[in-house]
Amino acid sequence: MISSSLFKRCPKTGKIRGINKSAWPQWALLFAGLAACLWYLFRVIPKPTRAAYPCLRAAAPLRTGFLAYWAAVGGTAFLSAKARSFLRAARHSWSGLFLLVLVIIGSDVRLSLAASGTPKGIFPGRVAWVYNTNAALWTGAGNYWDVAVNPQAEYNKSFTAGIAALSGGTKDADSWDRIFHWFNNSHGRSGTGYQAGDMIAIKINQNNSAVSAPDHGNAMNSNPQTIVAVLTSLVNAGVPQTDIWIGDPSRAVTDNVFNAIHSAFPEVNVVDYYGNNGRVTTGVTNGVFPNTDVKDAEAMCFYNARYIVNTPLLKGHVGQMITFGAKNLYGLNGILPHWQENKKHPHDSALTAYMTNANFGGKVVLWCMDGMYPSPELDGAPFNGVALAPFNGKQMSSFIMSLDGVAEECVSYDFWSTISGQSGGTNYMYIAANDGAGVADHWNNSTDKKYTKNLDPNANGIELILITPHP
């Protein structure tokens with residue numbers, strides 16, 4: 001019993017005679033976890049929107065840890081009892097099976113669904129985790145996107161290394177040529193690469209910019225250096241600037257982002273909702289998104305594009321827990337800057353449709369998660385350093401890149417969930433995988449970060465490869 005270990009008792013009468021000080025630290029976290037769960041229920045049941053409050057987010061690691069602990073304890077007790085039961089009945093094979101599962105649970109292996117879906121890519125299911133310690137150098141002072149703490153050359157180096165790992169190429173031109181050929185081979189254009197006049201549309205995330213402004217402060221929006229790295233790579237590969245459209249049709253592209261793009265590539269089309277001061281606006285094409293959750297429209301420049309590059313941010317969300325690549329595509333048909341005016345907000349059905357629809361996820365040639373500065377919130381500042389190894393208190397400074405959208409979302413989630421202590425919002429990934437959008441899989445644990453294909457090269461699943469660009 002818990003009370004037996006927490007208190008000293010008289011050996012004769014059993015009455016409590018004092019506190020067992022050495023035992024209290026062992027139970028302190030469990031009590032804190034229980035308190036976090038009760039606090040969550042007390043605050044959130046009467047008003048669900050309170051789940052986004054800072055105090056409740058801060059308690060999330062204690063809450064999830066407490067629930068996971070008792071789930072493991074309950075599972076261990078059940079498996080142990082079943083194993084003993086089968087052993088007494090001389091059913092040794094069943095007893096051995098339950099003991100094997102018991103050992104697995106005790107080895108810090110994440111309990112998850114088996115890999116599902118069909119991997120995509122030149123190397124099917126491959127996800128490149130590009131970790132460059134010289135890229136994201138913000139220490140909390142000023143803005144996380146400031147030029148001084150985000151060397152553009154390091155961002156360019158990271159992006160080039162990422163597409164090389166996904167394609168087997170060398171320089172940008174070679175890597176993109178392989179990627180375009182792979183994509184076209186599965187889209188009825190076998191044997192062709194990029195052709196002059198093919199529009200490429202790049203979806204960025206300006207979710208925290210409902211109105212035109214000089215910048216967005218430290219509320220999480222797209223990092224200018226990431227955007228310029230994508231553009232640099234495409235232009236180096238021979239894509240004319242005039243064939244490229246980049247922006248967020250349902251938000252404002254703030255000056256800090258626009259100026260970075262326009263200074264480096266003045267002929268690239270920068271699109272936002274307002275179309276002012278050098279930006280361009282776009283109409284919509286109706287009837288292209290057959291899903292009742294949200295509008296059936298799509299921003300015209302993305303509808304007319306042959307290829308889409310999706311560059312989401314590694315951050316949380318008030319209502320859906322996460323807002324990754326699938327949610328980033330909502331900006332193509334949730335056109336009004338104040339999302340409440342769009343009447344509906346996407347949930348699992350729409351998020352799955354974004355990944356599987358031919359005009360949305362079906363056009364995405366590359367999924368590049370910007371994990372340089374992850375954030376626990378939709379509109380808050382990013383973490384000032386990440387405890388998870390190998391970051392060890394410094395910035396995550398990473399891209400998570402894949403030709404398989406579901407695989408990118410899954411790997412991004414594993415990092416974000418571990419870093420933030422939050423979980424949930426992943427249903428659309430599994431549904432999309434089963435609908436042919438890629439492969440869903442999760443790592444074995446946050447230390448090894450191994451996926452199904454890392455553990456067995458012949459298996460069906462994700463292969464995560466770590467890339468550390470050379471100086």
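Helices here are DSSP runs of at least four residues and strands are DSSP runs of at least two, both numbered from the N terminus. The views below are taken from a predicted model.

**View 1. Lysine 449 in the loop between strand S15 and helix H15.** Lysine 449 is placed in the loop that joins S15 to helix H15 (452–455). The phi angle of lysine 449 is positive, near 55°, in a residue other than glycine. Lysine 449 counts as buried because its relative accessibility is 7%, and buried means under 20%.

**View 2. Helix H14 and its surroundings.** Helix H14 covers residues 427–434, and Tyr428, Met429, Tyr430, Ala432 and Ala433 are its buried residues. An α-helix has 3.6 residues a turn, so residues three or four places apart point the same way. The buried residues of H14 pack against several elements: strand S3 (116–117), strand S12 (321–322), helix H11 (325–328), helix H12 (348–356), helix H13 (405–420) and strand S15 (439–440). After H14 comes glycine 436, with a positive phi near 95°.

**View 3. Helices H13 and H14 packed together.** Two packed helices are described by the angle between their axes and the distance between the axes. For H13 and H14, the axes come within 10 Å and cross at roughly 155°. Angles over 145 degrees count as roughly antiparallel, and H13 and H14 are therefore roughly antiparallel to each other. The crossing of H13 past H14 is left-handed. On the H13 side, the contact is made by Val406, Glu409, Cys410 and Tyr413; on the H14 side, it is made by Tyr428, Met429, Ala432 and Ala433. Of the residues in this contact, seven are nonpolar, none is polar and one is charged.

**View 4. Threonine 311 in the loop between strands S10 and S11.** Threonine 311 sits between strand S10 (307–310) and strand S11 (313–317). Is threonine 311 buried or exposed? Its relative accessible area is 5%, so threonine 311 is buried. The side chain of threonine 311 reaches the backbone oxygen of lysine 203 at 2.8 Å. Apart from neighbours within four places in sequence, threonine 311 is in contact with Ile202, Lys203, Ile204, Asn205, Val230, Asn328 and Cys368.

**View 5. Proline 390 and serine 397 in the loop between strands S13 and S14.** Proline 390 belongs to the loop between strand S13 (364–375) and strand S14 (398–402). The peptide bond from alanine 389 to proline 390 is cis, with omega near 10°. Serine 397 also lies in the loop between S13 and S14. Phi of serine 397 is positive, near 50°, in a residue other than glycine. With a relative accessible area of 1%, serine 397 is buried.

Methods:
Residues numbered from 1 in each chain as written. Predicted model: local features only at pLDDT ≥ 70, side-chain atom pairs only at ≥ 80, totals over all residues. Heavy atoms only, no water. Buried < 20%, exposed > 50% of the residue type's maximum accessible area, 1.4 Å probe, protein only. Contact = heavy atoms within 4.5 Å. Polar contact = N/O pair within 3.5 Å; in protein donor to acceptor, adjacent residues only side chain to side chain. Axes fitted to C-alpha atoms, helices over the stretch in contact; angles between N-to-C directions. Parallel < 35°, antiparallel > 145°, perpendicular 65-115°, else oblique. Left-handed = near helix turned anticlockwise from the far one by under 90°. Nonpolar A, V, L, I, M, F, W, Y, C, P; charged D, E, K, R; others polar.
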